[in-house]
Amino acid sequence: MASTIAPNPQDSGLTPLLQVRHSFLVRFTHWVMTLSFLALLVSGLEIVMSHPRFYWGETGNIHTTPLFQIPVPSSRDTVPTGYGYVLPDQNGWSRYLHFQSAWVLVLTGLLYFGAGLFSGHFRRNLLPSSADLSAKRLTSSVVEHLRFARPSKEEAWTYNVLQRLAYLLVIFVLFPMIIWTGLAMSPSFVSAVPAAVNLLGGQQSARTLHFFLTWALVLFLLVHLLMVIVAGFRHRVRAMITGRMAQ
Amino acid sequence: MNKLSRRKLITTGLTVTAGASGLLAAAKLARHYGLVPPDSGGIYGPGETLTYAAQRLLTRHSLAREFSRDQMSKEPFANEVDPLGAEFQLSHQAGFADWRLAVDGLVARPASFSLADLKSYPRRSHITMIQCEEGWSYIAEWIGAPLSHVLGLAGALPQARYVVYRSIQKDWWESIDMADALHPQTLLAYGMNGGELPVGFGGPLRMRVARQLGYKNIKYLTRLTVTDNLKQFGKGLGSAAPEGGYAWFAGM
């Protein structure tokens, strides 16, 4: 069954040898988290539309000077947007979907995190070597990326240093921060853990940071997609779905 | 079938069985300990149940953050309400002397309280934040009688699990569990920022649930019903909010 990867002898020479590139756990969590992230993004933007103004500190409402306002129409007639119309209210399902997807993302993320520590995935595949972190190697990696050079066959079996740093940033900084700032907006959660919001400078600060972190993750997603296209979209996506890649 | 794949099959089978029975056991336990919200059906039910159960395990007795006087919002904001009707205007002109709050359901002594009654009970106040689900917020001082005191006077029965509360606005009715109903910061609020509760903010009487979003803080409160089962109210989802597509538990 699926445990052997030897090609059919009749085909040898014709079909390339397929080798395991990504473990089942990495593939499963990758796609579940992709779906939940997209659901969080869409529902989050819908929620923002009901009050597209951002503040700093504890409180903010339409009587307060905003830090900034995004130039979109609103789904509430109380918000002065400059548009002559009000969008339909989508907050009910958006909020239900947002929190349900957040649970899926957090639980899947914890599974990935625990398994990654336990199996050595982070240490082996994501932690850059000290040699890779030298100024020279980093510069040459940046230059290669800016040239949009397609990686060599051997390189496709590992992650380059910029890739490792980007993944580590997403896994250990951006996702924990966006979960933290999300929880800091919950009046019930912060009643039990007030430091969660106090450390961020207030509930509206948490909301504003949550918004910025969203765009940081969206930027990562776009660059990630671009790099997958540069490296060969079909091969890379197939490897993340089936786990296998031609040697 | 080789050895390795058979082992894999057995492991997977055991994992799935353990997972499924674990979920069933968890669902039974959650129901037993009142960790399942009334809007737990439907596609968003799993997420809502996880949220409510986690919040109840973590926050049953926790207190909402309180603020200092100088953190109070200079200009609080309240959403417009639909016209409240001629009867309300007459009552307003008469200083709400005829306003009554009825308490019924699972209570030993069904009763009706005037504003003067409520003001004669222990006066509690807190400076807390009220957050709208839309994203805006303000901090104000809320003054009122603890809901727990009034439930005590009416003699809420031990089997009580929820308090349903209603307003002169027929479309606005809500309910909270006993953890929130008996919570020391849950007030039948008749005052705000040192004065009377303005009509725009729900005066003469508003439910103030400090650890939940604005929409649980029903304005123009007229009736409390203590119950052990939310199925018999409206569409059985717990309150008007889930009927309109919003979550029943708004502590997030």
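Tutor: Start with one term. A residue is buried if 20 or more other C-beta atoms lie within 10 Å of its own. Keep in mind that this model is predicted.

Student: What makes β6(B) a mostly covered strand?

Tutor: Take its residues against that cut-off. Of the 5 residues in β6(B), 5 are buried. B:Trp173, B:Ser175 and B:Asp177 point one way from the strand. B:Glu174 and B:Ile176 point the other way. All are buried.

Student: Which helix of chain B is hardly covered, and how do you know?

Tutor: Helix α3 of chain B, residues 86-93. Among its 8 residues, the count of buried residues is 0. Just after α3(B) comes B:Gly95, with a positive phi of about 70°.

Student: Why is A:Thr208 called buried?

Tutor: The cut-off is 20 or more C-beta atoms within 10 Å. A:Thr208 has 23 C-beta neighbours inside 10 Å, so A:Thr208 counts as buried.

Student: Where does A:Thr208 sit, and what is it in contact with beyond four places in sequence?

Tutor: A:Thr208 lies in helix α8 of chain A, residues 203-242. Its contacts, with neighbours within four places in sequence left aside, are A:Phe54, A:Tyr55, A:Trp56 and A:Leu67. For scale, take A:Met240, which is 32 residues apart from A:Thr208 along the chain. Their C-alpha atoms are separated by 33 Å.

Student: How do you know that β5(B) and β6(B) pair?

Tutor: Pairing needs at least two bridges between the strands. Strand β5(B), residues 162-167, and β6(B) share 5 bridges, in the antiparallel sense. The two strands therefore meet the definition of a pair. One position to look at is B:Val163, which stands opposite B:Ile176 in β6(B). These strands also form a hairpin, with 5 residues between them.

Student: What makes β2 and β6 of chain B edge strands?

Tutor: Look at the sheet order first. The order is β2-β1-β10-β5-β6 in chain B, an open sheet of 5 strands with mixed pairing. β2 (111-114) and β6 (173-177) each pair on one side only. Neighbouring strands of this sheet are turned by 20° against each other on average, direction ignored.

Student: How do you know that β1 and β2 of chain B pair, and in what sense?

Tutor: Use the cut-off again: at least two bridges. β1(B), residues 100-105, and β2(B) have 4 bridges, in the antiparallel sense. They therefore count as paired. B:Arg100 stands opposite B:Ser114 in β2(B). Helix α5 of chain B, residues 147-154, packs on this sheet. The helix touches β1, β2 and β10 (221-227) of chain B, and its direction makes about 135° with that of β2(B).

Student: Which residues touch the most other members of the largest nonpolar core?

Tutor: B:Leu101, B:Val150, B:Val163, B:Tyr165, B:Leu188 and B:Ala189. The core has 81 residues. β4(B) gives the largest share of this core, 6 residues.

Student: What is B:Leu101 in contact with, beyond four places in sequence?

Tutor: Among its contacts are B:Ser112, B:Phe113, B:Leu188 and B:Leu205. B:Leu221 and B:Leu224 also belong to the list. For any such pair, the test is C-beta atoms within 7 Å.

Student: How many residues does each chain bring to the contact between A and B?

Tutor: Chain B brings 40 residues and chain A brings 34. On the side of chain B, the elements with two or more residues are α1 (3-32), α2 (45-59), β3 (124-131) and β4 (137-146). α2(B) gives the most there, 8 residues. By class, that side has 17 nonpolar, 17 polar and 6 charged residues.

Student: What share of each chain counts as buried?

Tutor: For chain A, 26% of 247 residues. For chain B, 44% of 252 residues. Chain A has 8 helices and 4 strands, and chain B has 7 helices and 10 strands.

Student: What are the confidence scores?

Tutor: Chain B has a mean pLDDT of 94, with 98% of its residues at 70 or more. The scale runs from 0 to 100. The model scores ipTM 0.91 and pTM 0.91.

How values were computed: Residues are numbered from 1 along each chain as its sequence is written. Chains are lettered from A and ligands numbered from 1 in the order in which they are written. This is a predicted model: local features need pLDDT of at least 70, side-chain atom pairs count only at pLDDT 80 or more; totals for chains, interfaces and linings use all residues. Two residues are in contact if their C-beta atoms, placed from the backbone, lie within 7 Å. Ala, Val, Leu, Ile, Met, Phe, Trp, Tyr, Cys and Pro count as nonpolar, Asp, Glu, Lys and Arg as charged, and the others, Gly among them, as polar. Axes are lines fitted to C-alpha atoms, for helices over the stretch in contact, and angles run from 0 to 180 degrees between N-to-C directions. A nonpolar core is a set of buried Ala, Val, Leu, Ile, Met, Phe, Trp, Tyr and Cys residues joined through C-beta atoms within 7 Å. A residue is buried if 20 or more other C-beta atoms lie within 10 Å of its own, exposed if 12 or fewer, and partly exposed in between; C-beta atoms are placed from the backbone. pLDDT is the predictor's confidence in each residue, from 0 to 100.
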